[in-house]
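Student: Could you take me through the terms used for this model, setting each value against its cut-off?

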Amino acid sequence: MRRALWVLLMAGASRAQDGAIRRGELLYRTNCATPYCHGPEGAAGRAPRLIGHRYNLNGMYKVITWGIPGTGMPEFTTRLKTEEIADLVAYVMTMGGGSAPAPAPAAPPRVPSPEARQGRALFFDAARTGACGSCHELEGWGVPVGPDLATSRIPDLRTIATTHVMTARPRGGEPPFSALVVERIGSRVRVYDLTAPIPVLRTFAASQIALDPASTWRHDQALRLYTQRELDLILAYLRSL
Amino acid sequence: MKQALLLLATAAALCAQTGAAGDDWPHYYGAYSAWRYSALAQVNRGNVQKLAPAWVFQTGDYENGLQATPIVSGGVLYLSTSNAWVFALDGATGRLIWEYRFPLSKSIPLYGKQNRGVAVGRGRVYLGTADNHLVALDQATGEEVWQVNVEDSRQCGCNITGAPLVVKDMVITGVTGGDSAHRGYLTAFDAATGHMRWRFHTIPGLGQKGHETWPGESWRYGGGATWMTGSFDRDLNLLYWGVGNAAADLNAALRRGDNLYTDSVIALDPDTGKLQWHYQEIPQDVWDYDASYEMELVDLAIAGRPRKALVHVTKSGFTWVLDRKTGEFLAAWPYVKNYNWITGISRDGKLLGRNEPEAGKTKLLCPSTIGGKSWNQSAYSPRTGWVYIPVLEICSDLIVRDEDPQEGRGFTGGNWIMKPPPHAKQESYLAAFDPVSGKQQWSVPATTWLLASVLATAGDLVFTGDPEGNFFALDAQTGKRLWSFPTGAGHRGSAITYSIGGRQYIATPSGWGSLIGQAHAALWPGPLPRSGSALFVFALPEAPR
């Protein structure tokens, strides 16, 4: 009997909780879900990702009520009623899922030298169309067209051998171009065309293109955007990785 | 004599119609002139009541609704979705000819997955993606021909949500990024090979004219996005593009100066990408009022002189009228009732009585950061001579904060919360205006707000859709509602019309979504607009055979 009553009570509590979560979801959409904040699913936006983290209930109350000073997280005590904050907390707690493992302790941050920092800025310099980052991916930025530099040993940027660059000769009158072969799938060939400052990933029918193993392309050509001093800084950055 | 007169009359009609779309809908705004107007008149005020569904196409991509403008070329309709899927459909029957799905990367910048449409030309279909790629497909088969990663979206925090524009043998695309620490640009690619032809940075670099309007390093992160589509004048050989707000959006502490060419109309030589003229509507913007929206190229008589004009209905609640040959200021008029960011605009185009957001204060400013209208487009009809605008009377509380730029991260310099205007109710309506004087001709209220584009036709009809899911036609002269159809999902896309085999079709995307669409619940009571992703195509019933 007592057990049955307990089950009934719990079912009622659970229904009440469901209601809070549903109301909280609506409040979330209104107040938190702009893509500039936490995003519609708690996964996008400039504010921290909400899904997949384990949250402390009291901490969540505190953050939503009072905000986080010095950040974009506003206080909601002036905007929402106490019971609405409770509903919002109930919903946000469900986003955590509770199953994500605690994050591993962060490794002590590597402090790059001033040269390496300047080199990194030059590597990804958005003011130069065709900067290193438009062909190489490093530390989660850039486009992986050329080889992975994190695992390469680089003696000098100007004299790098690029034996993997070929000459593509499309049939039909287009002039030949320097190319990196990406893949051959069935009767199709995909190559990076290195003619312009932004590499073009092009797809050809195998019968429509001939590939010569040699090329006049030199890595030096891609370095024209930089002075020798700047290249030294970039090399310092690459060696700091 | 009679024949000569008839010829003259035909020539005049043709001149008046040069900005109109015909059997196809070849460009984003219908034609390069960006009128969103079609010369088709089979469906008109007299018979629109008989308009009925001809076919419906469900895309299956329900993320963020269906925001695209379909393109019709040679009777084939090309439609794209938020996840960068493209469909080629038989315009008469809806039969699927081919489909293509771009493999989007997982990291999408804060502007999210949105897609406003493809461009078609030179045997290719061009798609911009939410992870900042531009892709060219074979128009006949849908097979990929080339793609470029315009800039790594993880670095720039920018992506492509607008439709590209085909000009001559090039395809031109802008990028988002105006609310991030990013420097905007417009890029032209060779249609055949994908080779970059030119890139125009909307913020002048070191040593360039206009660079002095940006102190210190602010030019590197000053916004100036090119997120909507431009217009093109073939005769003048000028490409027009609207440039977005300066960043940080609400806080100019780090960028005291005019901040060229943000909030400007720029006119470029499409062959070289070189600037021919610019007109800055809002120097040192602190309200997030991008000058990005459609620019309607209309020939108008202004103060007794014929002018090649450019009519620019902008986010700030004002419409600017410029001479599109020279960039000369001709007129500006408010299309919203509620504005308090300025008191007005002088006869020579100066902003009067700037009312700026202030640090440490919450200030209610109008129109809101969504704009006096959102990106969904107005339409111009040469038959009435009026421009039809989906107006929003909404304001926002602006809160300024100090912020240091971090490349590619959000850089808003504050926060905004949508609010009703002071001493008035929030509302939205479709209204017709004289493009020079700004005199309102008629106005039709919406139940909530209007976030779908307007389509005008030579049948003297104006079409648009609402969040409740109704797609409807109004009399272009009077605003009288003549026809309506419930499509079952909210409207956030752009309707078009085209003709195949002598039968006129009217197509509208249906399916609620977008960044702005998500603000619905905060503004309007009642049920949320329904998501979805379907194209509804209507026509008059065929005569029995």
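**Salt bridges, helices and strands**

Tutor: The side chains of B:Asp271 and B:Lys168 meet in a salt bridge, with 3.1 Å from N to O. The two residues sit in distant parts of the chain, 103 residues apart, B:Asp271 in the loop between β17 (264–269) and β18 (274–280) of chain B and B:Lys168 in the loop between β11 (165–167) and β12 (170–173) of chain B. This is a predicted model, in which local features need pLDDT of at least 70 and side-chain atom pairs count only at pLDDT 80 or more, whereas totals for chains, interfaces and linings use all residues. Residues are numbered from 1 along each chain as its sequence is written, chains are lettered from A and ligands numbered from 1 in the order in which they are written, and side-chain values use heavy atoms, with hydrogens and water left out.

Student: Why is the contact of B:Asp271 and B:Lys168 called a salt bridge?

Tutor: The term requires a side-chain nitrogen of Lys or Arg within 4 Å of a carboxyl oxygen of Asp or Glu, and the N to O value for B:Asp271 and B:Lys168 is 3.1 Å, so the pair qualifies.

Student: What makes B:Asp271 count as partly exposed?

Tutor: Buried means under 20% relative accessible area and exposed over 50%, with partly exposed in between (1.4 Å probe, protein chains only). B:Asp271 has 41% relative accessibility and therefore counts as partly exposed, and B:Lys168, at 34%, is partly exposed as well.

Student: Why is α4(A) called roughly perpendicular to α6(A)?

Tutor: The axes of helix α4 (residues 114–123) of chain A and helix α6 (residues 228–240) of chain A come within 7 Å and cross at roughly 105°. Angles of 65 to 115 degrees count as roughly perpendicular, under 35 as roughly parallel, over 145 as roughly antiparallel and the rest as oblique, so α4(A) is roughly perpendicular to α6(A). By class, their contact (heavy atoms within 4.5 Å) has 8 nonpolar, 3 polar and 3 charged residues.

Student: How do you know that β25 of chain B pairs with β28(B)?

Tutor: Two strands pair if DSSP finds at least two bridges between them, and 4 bridges join strand β25 (residues 362–365) of chain B to β28(B), so these antiparallel strands meet the criterion. One of the partners is B:Ile399 in β28(B), which is bridged to B:Thr362. On the same criterion, β28(B) pairs with strand β29 (residues 414–419) of chain B, because 6 bridges join them, again antiparallel.

Key:
Axes are lines fitted to C-alpha atoms, for helices over the stretch in contact, and angles run from 0 to 180 degrees between N-to-C directions. Ala, Val, Leu, Ile, Met, Phe, Trp, Tyr, Cys and Pro count as nonpolar, Asp, Glu, Lys and Arg as charged, and the others, Gly among them, as polar.
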